[in-house]
Amino acid sequence: MSLLCETPNPSRRAVLMTGGALFAWAYLPRFARAADNRDPRLIVILLRGALDGLSTVGPVGDPDYAGLHGDIALSLSGANPALPLDGFFAVNPAMPVFARLFKAGQAAVVHAAATGYRDRSHFDGQDVLESGLPGPGNATTGWLNRALANLPAGDRIAKAGGLAVGPSTPLVIRGAAPVLGWAPQALPTPGDALAERVLDLYNHRDPVLAAALQKGLDADRMAMGDQLDGQTMNPKGGLGNAAGMRQSAQGAARLMAADDGPRIAALAFDGWDTHVNEGGATGRLANLLGGLDGAFEEFEKGLSERWKDTAIVAITEFGRTARINGTVGTDHGTGTVVLLAGGAVKGGRVIADWPGLKPAQLYDGRDLAPTSDVRAVLKGLLADQFGLSAAVLGDKVFPESAAVKPMRDLVM
Amino acid sequence: MAAPVSNPVPPDKALVALHRFGLGARPGDELGKIAADPRGYLKAEVKQQDITLIPPDDPRNAGLLDSTAAIQASMAAAMERKAARDEKAAVAMQPADDPAGPAMAKARPAVPRIEADIYRDEAQARFDKALAATPGFVERLVGFWSNHFCVSAAKAPVVRASAGAFEREAIRPFVLGRFADMLLAVEHHPAMLFYLDNQQSIGPDSRAGRRRGRGLNENLAREILELHTLGVGSGYAQADVTSFADMLTGWTMAGREGRLGEPGTFVFNPNAHQPGEAMLLGKTYPGGGMGQAEAALNDIARHPATARHIANKLARHFIADDPPPAAVARLAAVFTKTDGDLRSIALTLIDLPEAWSAPLTKLLTPLDYVVALRRAVGPSTGNEPQRSLRWLRALGQPLWQPPGPNGFSDQTDAWASAEGLKTRLDIAWQAAKQANDIGDPDETLASLIGNSVSAETRQAISRAESKQQSLALLLMAPEFQRR
């Protein structure tokens with residue numbers, strides 16, 4: 001019925017069986033291995049607006065793909081051929097860095113993935129993706145922050161806190177654990193005298209604002225600290241364009257490369273809601289994917305020797321319709337891709353229990369059917385990077401998700 | 001034993017009127033007088049004739065274009081830009097030793113961005129109105145509805161050109177009118193049809209659909225149900241979305257060639273309309289062109305889920321992130337009883353006891369912060385409105401440019417971020433440095449925050465090392481930032 005993609009590396013099923021066998025495993029302080037100087041980092045990139053997974057990593061070997069995805073389907077031939085990953089999947093040609101990392105065993109794809117959310121509202125979908133709760137609601141904390149909060153007290157990852165990149169803090173990293181904030185902006189700064197006075201006033205009158213301002217000032221000092229040439233980064237707009245994505249990654253990498261810098265970060269990139277003229281190998285989506293690819297490159301460069309300990313995961317609230325709509329775009333769907341990159345990633349694999357694209361195989365007759373749970377991927381990363389136990393992950397980090405087993409062995 | 005925190009003194013009535021409901025105090029405001037009859041002060045603004053409109057007879061607004069003219073200007077500019085690109089490409093194709101090549105490329109200047117000029121003029125008019133408002137409750141309502149029915153200038157040049165006109169044409173006339181009328185005006189407006197992709201949605205069985213093999217785009221239909229009216233989780237299904245999208249096919253904007261009508265205006269194109277009856281929320285709407293979706297819009301405007309959705313959002317905006325259920329219930333009841341009369345709802349908001357007892361805990365949104373700061377500082381040097389627009393971008397709330405069709409967040413958590421606070425500090429400092437005239441710090445404090453100011457804030461301001469620093473401290477004080 002379903003085609004299990006054969007890649008040179010273990011299939012998802014094989015991975016899951018290994019994970020199942022290790023289910024009894026408890027807290028393992030793997031993050032602080034003095035022997036090999038391992039100092040892991042995790043970067044979560046949220047792609048808000050619903051990423052078309054079928055135009056990001058195209059199942060070019062599926063006979064039904066080209067017909068459904070029409071003019072915007074990726075193809076191995078033509079003027080802008082997609083970059084083959086294995087015999088079945090190929091990545092959008094706007095992502096040469098990702099393709100290079102994949103070949104080098106430092107990038108992987110989980111395909112036909114979705115969270116537990118099955119409706120098609122962006123905002124509820126993002127709520128579920130970021131809160132880690134079973135359904136939408138008035139969530140005030142995110143799974144990444146709860147993961148931080150559940151690390152042992154005094155642990156250096158927990159002590160350094162998280163990093164939120166962008167003018168507002170994404171829900172995924174909001175919560176009790178400390179979070180730094182930083183965004184690439186260039187306004188003249190008032191100097192320390194005023195800042196200290198305002199901080200003093202907040203400490204007496206408004207502790208919430210005091211904590212936020214303190215973190216903002218700290219992050220700014222760290223990010224600007226080693227710019228010895230006095231060069232400042234000019235903002236090129238928000239995080240919904242390629243230049244902004246690259247810049248925010250550049251700054252975040254600088255903060256995270258520091259020995260006392262945050263080990264965990266969240267970035268939110270906007271603009272993936274491609275209802276009209278989505279484009280395929282070139283065009284609107286390809287431009288955005290090029291920005292994401294640029295962010296991967298900046299992290300690789302900026303983290304330098306820490307790249308080998310780093311895992312980046314890019315996730316989105318849901319996918320888009322398998323069949324293009326009436327306006328050469330795609331509407332809200334279900335299954336999509338999770339992209340993994342970083343020196344710590346056991347890459348070179350597309351992990352997919354491929355559901356197929358025949359009419360009866362589509363979810364609701366319209367979407368790529370989900371066969372992997374995004375939460376399983378995230379749990380696997382948190383387990384293998386930071387040693388969080390399946391019990392904590394299933395209860396505290398992703399409440400009521402014990403049935404979703406961590407996908408193990410995604411990282412070294 | 002620690003003193004219970006939960007025995008709050010009711011907030012200062014003048015601050016509730018000026019901050020919770022209004023756009024902030026200006027030097028010269030008499031806070032004592034306002035506190036004596038704060039509800040009367042707010043209601044007096046609501047009663048003013050044409051208070052929701054940008055005054056067209058003000059000479060400063062004489063240059064504002066209606067959406068048709070703005071979109072036509074954008075269409076013409078797009079053609080010119082294309083011609084310039086084509087010419088450049090043709091020049092690049094010429095052999096390098098052709099002397100005409102580089103000279104021609106230099107001779108033609110870059111086509112000016114007419115859309116950016118229109119956007120800036122509209123921003124200027126909006127800021128002018130906000131800075132002059134007393135106390136600005138009506139402008140806050142305009143902002144609320146503009147965010148509820150948002151379009152984004154980032155979508156395309158025609159939306160950048162028409163976003164301001166959209167607010168003046170589809171939002172402002174109805175802010176103290178009927179919700180159903182605002183809904184109909186919004187969904188008929190070219191800016192919205194373009195923003196949510198409906199101008200290209202084609203009924204699969206319509207004449208155009210059969211001929212061109214193009215079809216439905218359900219974006220507008222989904223967001224109307226989810227965001228504009230009923231709210232998510234209120235009981236509609238995917239089939240309702242698809243069916244409503246069918247009804248909305250043919251709602252479009254006339255293109256540049258004018259084949260369907262005056263370019264840039266709303267038109268109903270029967271050739272693109274999905275024929276036949278359609279079902280929404282269990283009710284069948286007989287086929288009949290544009291009236292079909294209009295009938296559906298009129299029905300969902302009156303739906304109890306819409307009343308609850310709107311009531312909840314309003315109470316969250318004006319009272320607290322977790323609004324008191326009694327206040328939400330009261331607003332929903334008035335919405336239903338008055339058939340969505342927004343003037344009655346505005347007056348109900350003013351009368352809600354919760355609005356005068358809940359502590360001032362919400363952080364000003366960046367837009368309201370920039371406006372409050374400009375009102376407090378008064379005339380200053382600097383290039384307006386570009387400066388305010390730049391501040392809004394830095395704070396993450398660029399004008400008429402939300403990240404998605406759900407608009408900007410209305411919750412304190414979204415804005416009380418580390419980066420956000422640091423940027424507010426930078427802006428407060430800039431504003432203080434650029435102020436033309438900073439009066440006596442104590443007097444400024446008395447007229448902007450009044451007697452309820454905390455001892456700590458008063459002390460910090462009086463000990464500042466310069467007038468500029470005292471003003472920046474005031475602009476950062478919790479009493480200024482929270483409402």
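**Exercises: a strand, a helix pair and an interface**

Strand β11 (residues 336-341) of chain A is mostly covered, with six of its six residues buried (20 or more other C-beta atoms, placed from the backbone, within 10 Å of a residue's own). Strands here are DSSP runs (E) of at least two residues, helices (H or I) of at least four, numbered from the N terminus. This is a predicted model: local features need pLDDT of at least 70, side-chain atom pairs count only at pLDDT 80 or more, and totals for chains, interfaces and linings use all residues. Residues are numbered from 1 along each chain as its sequence is written, while chains are lettered from A and ligands numbered from 1 in the order written.

**Exercise 1.** Find how β11(A) pairs with strand β6 (residues 107-114) of chain A.

*Solution.* Pairing takes at least two DSSP bridges. Step one: β6(A) and β11(A) run antiparallel, over five bridges. Step two: pick out one bridge, where Ala107(A) partners Ala341(A).

**Exercise 2.** Now do it for strand β10 (residues 310-316) of chain A and β11(A).

*Solution.* Start with the sense: antiparallel again, over three bridges. Then spot Val313(A), whose bridge partner in β11(A) is Leu340(A).

**Exercise 3.** Work out how many residues of chain A touch chain B, and which element gives the most.

*Solution.* Contact means C-beta atoms, placed from the backbone, within 7 Å. First, 50 residues of chain A meet 48 of chain B. Next, look at α5 (122-131), β8 (179-182), α8 (192-205) and α9 (207-225) of chain A, the elements giving two or more residues to that side of chain A. Finally, α9(A) gives the most, with nine residues.

Definitions and conventions:
Two residues are in contact if their C-beta atoms, placed from the backbone, lie within 7 Å. A residue is buried if 20 or more other C-beta atoms lie within 10 Å of its own, exposed if 12 or fewer, and partly exposed in between; C-beta atoms are placed from the backbone.
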